Amino acid sequence: MAKIINLKNDINYQEKGVVSKIILKEEKGNITHFAFDKDEFLSEHTAPFDAVVQIIEGEAEIKISGTEYNLKENEMIIMPANEPH
């Protein structure tokens, strides 16, 4: 069944925290919506498939294999499979 999701309206921030919400969970990959408070982050990890980050609101520093990328609202980046990010 098709489902329309307004990501900007679905943001739920938590002071000094990270909020995650799984939108779709499949064997071949997931779609997870994250909301980060200022200065919060995820620890570096890898994934066996490409991952995408889309900035809905604000900005973020994304590090992929040691290279930093600064993304702003409405930008996205594809993080290659098996690369630390």
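This is a predicted model: local features need pLDDT of at least 70, side-chain atom pairs count only at pLDDT 80 or more; totals for chains, interfaces and linings use all residues.

Biologist: Which residue does Lys8 form a salt bridge with?

Modeller: For a salt bridge, you look for a side-chain nitrogen of Lys or Arg within 4 Å of a carboxyl oxygen of Asp or Glu. Lys8 pairs this way with Glu73, with 3.5 Å between the closest N and O atoms. Lys8 sits in the segment before strand E1 (18-26) and Glu73 in the loop between E5 and E6, so the bridge ties together parts 65 residues apart in sequence. Glu73 is partly exposed as well, at 35%.

Biologist: How many salt bridges are there in the whole structure?

Modeller: Three. Another one joins the side chains of Asp10 and Lys21, at 3.2 Å from N to O. Asp10 belongs to the segment before E1 and Lys21 to strand E1, so this pair links parts eleven residues apart in sequence. Lys63 is partly exposed at 38%, and Glu68 is partly exposed at 45%.

Biologist: Now the inside. Which residues make up the largest nonpolar core?

Modeller: The idea is to collect buried nonpolar residues joined through side-chain atoms within 4.5 Å. Here that gives eight residues: Ala51, Val53, Ile55, Ile62, Ile64, Leu71, Ile77 and Met79. Strands E3 (51-54), E4 (59-64) and E6 (76-79) each give two or more of them.

Biologist: Which residues of E6 are on its covered face, and which on its uncovered one?

Modeller: Ile77 and Met79 are on the covered face, with Met76 and Ile78 on the uncovered one. E6 runs antiparallel to E3, joined by four bridges, and Val53 stands opposite Ile77. Leaving out residues up to four places away in sequence, Met79 touches Phe49, Asp50, Ala51, Val53, Ile62, Ile64 and His85.

Biologist: And on the surface, which residues form a nonpolar patch?

Modeller: Phe34, Phe36 and Leu42, with about 240 Å² of accessible area together. Phe36 is part of strand E2 (residues 29-36) and is partly exposed, with a relative accessible area of 32%.

Terms used. Residues are numbered from 1 along each chain as its sequence is written. Side-chain values use heavy atoms; hydrogens and water are left out. Buried means under 20% relative accessible area, exposed over 50%, partly exposed in between (1.4 Å probe, protein chains only). Contact means heavy atoms within 4.5 Å. Two strands pair if DSSP finds at least two bridges between them. Patches are made of residues with over 30% relative accessible area and no salt bridge: like charges are joined within 9 Å, nonpolar side chains (Val, Leu, Ile, Met, Phe, Trp, Tyr) within 5 Å. Accessible areas come from the Shrake-Rupley method with a 1.4 Å probe; for residues, only the protein chains shown count as cover.
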